[in-house]
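My notes are below, in the order I looked things up.

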Amino acid sequence: MATLLVTLLAWLLTPAGGAQASSPVALGSYIPHADESPGLIDSFVQRVGWSPLVIDSFKTFDQAPIYYPQLDAIHEHGAVPMITWEPQTSSEGRIDLSAIARGSYDGYIGDAAHAAAAWRQPLMIRFGQEMNGSWYPWSPASGNSARSFVHAWRHVVKVFRHAGADNVEWVWTPYVETENDLPFARFYPGDRYVDWAGVDGYNWGGRFAWKSFHELFARSYHRLVRLTSRPLMIGEVGCGEVGGDKARWLRLMLRRDIPQMKHFRAILWFDQVDEKGDLRVDTSGAALRSFRRWTGRPIFESSRKTLLRTPERLQR
């Protein structure tokens, strides 16, 4: 009898009449220039009502990616810094990924690896994002192959590991697949070299067709779950204001879609005005209210410690 009562009580206290409670999802953001001006993080927090647990910044191969003052400021705000490291330079433009794999950039990469190891705090590095698209010089459209991307990725990771940079987690995010375009599986370096996998995706609106979060991400999500058991991250997501109901888009993403895609354990909002659309969360009062309300759900009540304790592998 006692066992029956305990079982019944557990069932009643479980959300959705028996479904297991969702694991926490960490919220983060790209806030333009926040790495250089940390006060912008505080402004973002005042707008949205929560502190980002991951803060992204972009570095190219003619910059030192590991710059302690910026990393320290992000860490002191309670977040994990994520460096999106782009294999291109202002002088050379396109970099031959095969040259990276052959060790031609090992001096530069090795310096970054030793700097990361010496910093000691948790750090994420996202190398060569959206490699399956055509808009970056490390893509096949610019003469770099999927094979050369994989070899370059693995080489960079090996250099960091040899330097003892065990505090670095490697994040792989292609762009979302469409029905007949942008397949990404052939770019995957393998679980030995990836700690987080995921995708980027945008509903630009305006002159582009309005797409729901589900339309953008569901296909790629299911493909990723078949590809790897690593935890998944949305490295970049945003929604424009023109062409649809942004407040409703946000509500469906945060209330319905993300909780159903249980391998997503981190989401980074790309809070920027782009030539293709205004992605900021406060493009309208309705959008901001929706964002604030639905990111306040219990599933998004995480912490940096919880994020860093995300299991290395998730059950498929």
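**Ground rules.** I'm working with a predicted model, where local features need pLDDT of at least 70, side-chain atom pairs count only at pLDDT 80 or more, and totals for chains, interfaces and linings use all residues. Residues are numbered from 1 along each chain as its sequence is written, and side-chain values use heavy atoms, with hydrogens and water left out.

**Confidence.** I checked pLDDT (the predictor's confidence in each residue, from 0 to 100) before anything else. The chain mean is 93, with 93% of residues at 70 or more. Over residues 1-20 the pLDDT stays under 50, and there the model has five contacts beyond four places in sequence. Contact here means heavy atoms within 4.5 Å.

**Helix H2.** I took helices (H or I, at least four residues) and strands (E, at least two) as DSSP runs, numbered from the N terminus. For burial I used relative accessible area: buried is under 20%, exposed over 50%, partly exposed in between, with a 1.4 Å probe and protein chains only. Which residues of H2 are buried? In this helix, residues 39-48, they are Ile41, Phe44 and Val48. Down the axis of H2 they fall within an arc of 60°, so they line one face of the helix; the arc is that of the directions from the helix axis to the C-beta atoms. The spacing rule I keep in mind is that an α-helix has 3.6 residues a turn, so residues three or four places apart point the same way. The cover over the buried residues of H2 includes strand E1 (26-30), strand E2 (54-60) and helix H9 (285-294).

**Met233.** I looked up this residue in strand E9 (residues 232-239). Met233 counts as buried because its relative accessibility is 0%. Beyond its neighbours within four places in sequence, Met233 has contacts that include Met82, Met124, Trp196, Phe264 and Leu268. I also took a distance to Ala287: Met233 is 54 residues from it in sequence and 23 Å from it in space, C-alpha to C-alpha.

**Salt bridges.** My rule was a side-chain nitrogen of Lys or Arg within 4 Å of a carboxyl oxygen of Asp or Glu. How many did I get? The count is 12.

- Lys59 pairs with Asp35, their closest N and O atoms 3.5 Å apart. This pair joins distant parts of the chain, Lys59 in E2 and Asp35 in the loop between E1 and H2, 24 residues apart. Both Lys59 and Asp35 are buried.
- Asp56 pairs with Arg126 at 3.3 Å between the closest N and O atoms. Asp56 sits in E2 and Arg126 in strand E6 (residues 123-127), 70 residues apart. Asp56 is buried at 3% relative accessible area, and Arg126 is buried at 0%.
- Glu177 pairs with Arg223, with 2.8 Å between the closest N and O atoms. Glu177 is in the loop between strand E7 (168-172) and strand E8 (196-203) and Arg223 in helix H7 (residues 213-227), so the pair ties together parts 46 residues apart in sequence.

**Cavities.** E1, helix H8 (246-260) and strand E10 (264-270) each supply at least two lining residues, and the largest share, three residues, comes from E10.

Most residues other than glycine have a negative phi. Arg120 is not a glycine, yet its phi is positive at about 75°. Arg120 is in the loop between helix H5 (106-119) and E6, and counts as exposed because its relative accessibility is 70%. Glu130, also not a glycine, has a positive phi of about 55°. Glu130 lies in the loop between E6 and helix H6 (146-162) and is buried, at 3% relative accessibility.
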